[in-house]
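Subject: Structure handover

Hi,

Here is the structure I promised to pass on. My notes follow below it.

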Amino acid sequence: YADGSWRFNEYRDGEVVRTFLDSDDIEKAVSANIMDEITFNDGVYVGQHREEVRKSGLFGTKKETHYVADGFGKFNCGDGSRYSGNFRDNEQCGYGLYESKKMRLYGNFRGGKVSGVALMIVGDDAYVGELNEHVEFHGHGCLYMGDGDWYDGEWANDKRNGRGTAHFGNGEWAVAEFRNGEIADVIKRS
């Protein structure tokens, strides 16, 4: 939204059936249970966590307390990027928001990597669809471009691959078969 807030919804027949996560949920969850800041090698975590006591030393006589990010929290990375959302065992897990200088990514994370369908915003362009673990368009998705053009179809490793429909700002459209990002066959056009 224009005020910087956001909401990740599931729609059915044009109606919101559920809200997975919104910016207020994360702020409330984090502020309700803020613990001490936990500094890791590459950044700072603030949020829900648990303590683990581990034995170390030659005979296991020394005890060290380790903090594990577990629950809602925020992680600010040393490179300026940040993640707000769910954590499990120090990894992004569940719905969250990843932001960097180049993009914003709202989606589901598993094992510290994006998993499944997400919303990615880069500049004036927005993509809603499946991503692979390398954060590439992969599977079915829609890319909405700032110039008014949009594409709805299949992707493989960030390239149009399979059947898709290209819609142009002037109202024209074309259904085509793509291979490796190139048009292999135009099936129908306006």
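The largest nonpolar core in this predicted model has 21 residues, and Leu105, Leu131 and Phe137 touch the most other members. Elements giving two or more residues to this core are β5 (62-77), β6 (82-88), β8 (104-110), β9, β10, β11, β12 (150-156) and β14 (173-179). Strand β9 supplies the largest share, 3 residues. In soluble globular proteins, nonpolar side chains tend to be buried together.

Take Leu131 next. Beyond its neighbours within four places in sequence, Leu131 contacts Leu105, Val114, Gly116, Ala118, Met120, Glu136, Phe137 and His138.

Now the strand pairing. Strands β9 (residues 113-122) and β10 (residues 125-131) run antiparallel, joined by 7 bridges. Met120 has Tyr127 in β10 as its bridge partner.

The hairpin of β10 and β11 has 5 residues between the strands. Val135 takes a positive phi near 60 degrees there.

Last, the cysteines. How many disulfides does a search of the whole structure find? The count is 0. Cys77 is partly exposed, at 24% relative accessible area. Cys142 counts as buried because its relative accessibility is 14%, and the cut-off for buried is under 20%.

Best wishes

Key. Residues are numbered from 1 along each chain as its sequence is written. This is a predicted model: local features need pLDDT of at least 70, side-chain atom pairs count only at pLDDT 80 or more; totals for chains, interfaces and linings use all residues. Side-chain values use heavy atoms; hydrogens and water are left out. A disulfide is a pair of cysteine sulfur atoms within 2.5 Å. Buried means under 20% relative accessible area, exposed over 50%, partly exposed in between (1.4 Å probe, protein chains only). Two strands pair if DSSP finds at least two bridges between them. Helices (H or I, at least four residues) and strands (E, at least two) are DSSP runs, numbered from the N terminus. A nonpolar core is a set of buried Ala, Val, Leu, Ile, Met, Phe, Trp, Tyr and Cys residues joined through side-chain atoms within 4.5 Å. Contact means heavy atoms within 4.5 Å.
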